[in-house]
Amino acid sequence: MAIVAVAAMIGVMFAGSTLLTPLYIIYKQKFGFSDITLTLIYAAYVVGNLGALLVFGRLSDQIGRRRAALPALAVAVLSTLVFLFTDGTAALFWARALSGLGIGVAAGTGNAWLAELVGSDKARATIISTVTNFLGLAFGPLIAGLLAQYAPWPLHLSFVVYLAAVVVVAALIWRTGETVARPVRGFSKISLRPRIGVPRAIRVKFVAPAVAGFGAMALVGFFAALAPSILAQELHETSHAAAGALVFELAIVCAATVVLTHRLSSRAAMLWGLGLMVPSVVLLVTAQMLASMAVMIGATALCGVSAGLGYRGSLQVVNQIAPEDRRAEVVSSYFVCCFIGNALPVIGVGVISAYAGMPLASTIFAGMIVLFALVVLIFGVKYTR
């Protein structure tokens, strides 16, 4: 039951990160903000992520997993309430930053907690964590898109449903056993000094999974930056349900890939993930140029396979090398790399497209991702044997 509760927390929290994907266009029409403002709203989410991981990344190593998870869920509740009662663009920035803060703390805490609950089988812990992560990413936009398209209160009902899910998870976490043997008592003994913590003994081993995680999430970020434009401008598809369904396809393929390739070694998964990044990016840009829904669906599936392999393989390595007393800190350092990788294409494409157009922006970032994948793949084949 404890494993189920922590996995549910990871899934529900990550569902909150993509819940807004099909709703952005409605907010944009309602409040009348620009594409640059939309990019900055996403940047606020990233600031929340990185702030959580840098300041609170090692908190659960000190005070315990449950005592760190419950405040993260409380922040998710607060973020959802701000979204629920938002009356302007400024509130969206605060809600998104709070969402990033809660998810950042829950990501590091939840993954460390799962690894300890499962025991010595770190591969199983990684699969559970990765699958629930991607299931959350899948069902968040799907449910939000369907409710926005076919149900009343398009900017409210999704958050009511999500709020109920967070409350249920919080009740489960409240009853889940602690795994940190000697949690710190007293606020004065807690260190919140910002840092990225990777022990010197594992730093060399940490580089490969950190870079692979960065690449996998950069691919997801590139997809997130390009997909709405392809749907709206090239395919003239304005359905909120369609936008949610496309993100659902990406995430559900990621989850399926993790399950179906669980026997693949972590090194092989990382290398295959990097190798498949190249055709994934090429196919995604081709879908944009040809304005083809069929190619777009194929590109989404291939992106899902690549990201699923890269993320699962790299996180598994991190879980294997992280020392018990600094597990959450090391996992949080890994997620810093992932969140930065995810954010750069979204923010970069948004800024460049505002001044030079989406085709040029997508071409620039496609070239950068392909070059990155090839360099890291060569490095990985040579130095991760």
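In this predicted model, Ser-280 is found in helix α11, which spans residues 266-290. The relative accessibility of Ser-280 is 0%, so this serine counts as buried. Leaving aside residues up to four places away in sequence, Ser-280 touches Leu-219, Leu-302, Cys-303 and Ser-306. Another residue, Ala-251, stands 29 residues from Ser-280 along the chain, and the C-alpha atoms of the two are separated by 14 Å.

**Helix packing**

Two packed helices are described by the angle between their axes and the distance between the axes.

| Helix pair | Axis distance | Angle between axes | Handedness of crossing |
|---|---|---|---|
| α1 (residues 2-18) and α7 (residues 122-150) | within 7 Å | roughly 40 degrees | right-handed |
| α1 (residues 2-18) and α6 (residues 89-118) | within 9 Å | roughly 155 degrees | left-handed |
| α5 (residues 65-84) and α8 (residues 157-174) | 10 Å | about 165 degrees | left-handed |

On the α1 side, the residues in contact are Ile-3, Ala-7, Ile-10, Gly-11, Phe-14, Ala-15, Ser-17 and Thr-18. They meet Arg-124, Ile-128, Ser-129, Thr-132, Asn-133, Gly-136, Leu-137, Gly-140 and Pro-141 of α7. By class, the residues of this contact divide into 8 nonpolar, 8 polar and 1 charged.

Helix α1 contributes Ala-2, Ile-3, Val-6, Met-9, Ile-10, Met-13, Phe-14, Gly-16 and Ser-17 to the contact. The partners in α6 are Arg-96, Ser-99, Gly-102, Ile-103, Ala-106, Ala-107, Gly-110, Asn-111, Trp-113, Leu-114, Leu-117 and Val-118. The residues of the contact of α1 with α6 comprise 14 nonpolar, 6 polar and 1 charged.

Helices α5 and α8 pack at an angle of about 165 degrees, with 10 Å between their axes. That angle makes α5 roughly antiparallel to α8, and α5 passes α8 in a left-handed crossing. From α5, the contact involves Arg-66, Ala-69, Leu-70, Leu-73, Ala-76, Val-77, Thr-80, Leu-81, Phe-83 and Leu-84. From α8, it involves Phe-159, Val-160, Tyr-162, Leu-163, Val-166, Val-169, Ala-170, Ile-173 and Trp-174. This contact of α5 with α8 has 17 nonpolar residues, 1 polar residue and 1 charged residue.

**Aromatic pairs**

The structure holds 9 aromatic pairs. One of them joins Phe-134 and Tyr-311, whose rings lie edge-to-face, 5.4 Å from centre to centre and with 75 degrees between their planes. Phe-134 belongs to helix α7 and Tyr-311 to helix α12 (residues 293-321), so this pair ties together parts that are 177 residues apart in sequence. Both Phe-134 and Tyr-311 are buried.

A further pair is formed by Phe-139 and Phe-248: the ring centres are 5.3 Å apart and the planes stand at 75 degrees, so the pair is edge-to-face. Phe-139 lies in helix α7 and Phe-248 in helix α10 (residues 240-260), and the pair links distant parts of the chain, 109 residues apart. With a relative accessibility of 39%, Phe-139 counts as partly exposed.

Phe-134 and Tyr-311 also belong to one aromatic cluster, together with Tyr-334, Phe-335 and Phe-339.

**Positive phi angles in loops**

Most residues other than glycine have a negative phi. Trp-153 has a positive phi, near 50 degrees. This tryptophan lies in the loop between α7 and α8, and its relative accessibility of 58% means that Trp-153 counts as exposed.

Ala-291 likewise has a positive phi near 50 degrees. Its place is in the loop between α11 and α12, and Ala-291 is partly exposed, with a relative accessible area of 35%.

How values were computed
Residues are numbered from 1 along each chain as its sequence is written. This is a predicted model: local features need pLDDT of at least 70, side-chain atom pairs count only at pLDDT 80 or more; totals for chains, interfaces and linings use all residues. Side-chain values use heavy atoms; hydrogens and water are left out. Axes are lines fitted to C-alpha atoms, for helices over the stretch in contact, and angles run from 0 to 180 degrees between N-to-C directions. Helices (H or I, at least four residues) and strands (E, at least two) are DSSP runs, numbered from the N terminus. A crossing is left-handed if the near helix is turned anticlockwise from the far one by less than a right angle, and right-handed if clockwise. Contact means heavy atoms within 4.5 Å. Ala, Val, Leu, Ile, Met, Phe, Trp, Tyr, Cys and Pro count as nonpolar, Asp, Glu, Lys and Arg as charged, and the others, Gly among them, as polar. Rings of Phe, Tyr and Trp (its six-membered ring) pair if their centres lie within 6.5 Å; planes under 30 degrees apart count as stacked, over 60 as edge-to-face and the rest as tilted. Buried means under 20% relative accessible area, exposed over 50%, partly exposed in between (1.4 Å probe, protein chains only). Angles under 35 degrees count as roughly parallel, over 145 as roughly antiparallel, 65 to 115 as roughly perpendicular and the rest as oblique.
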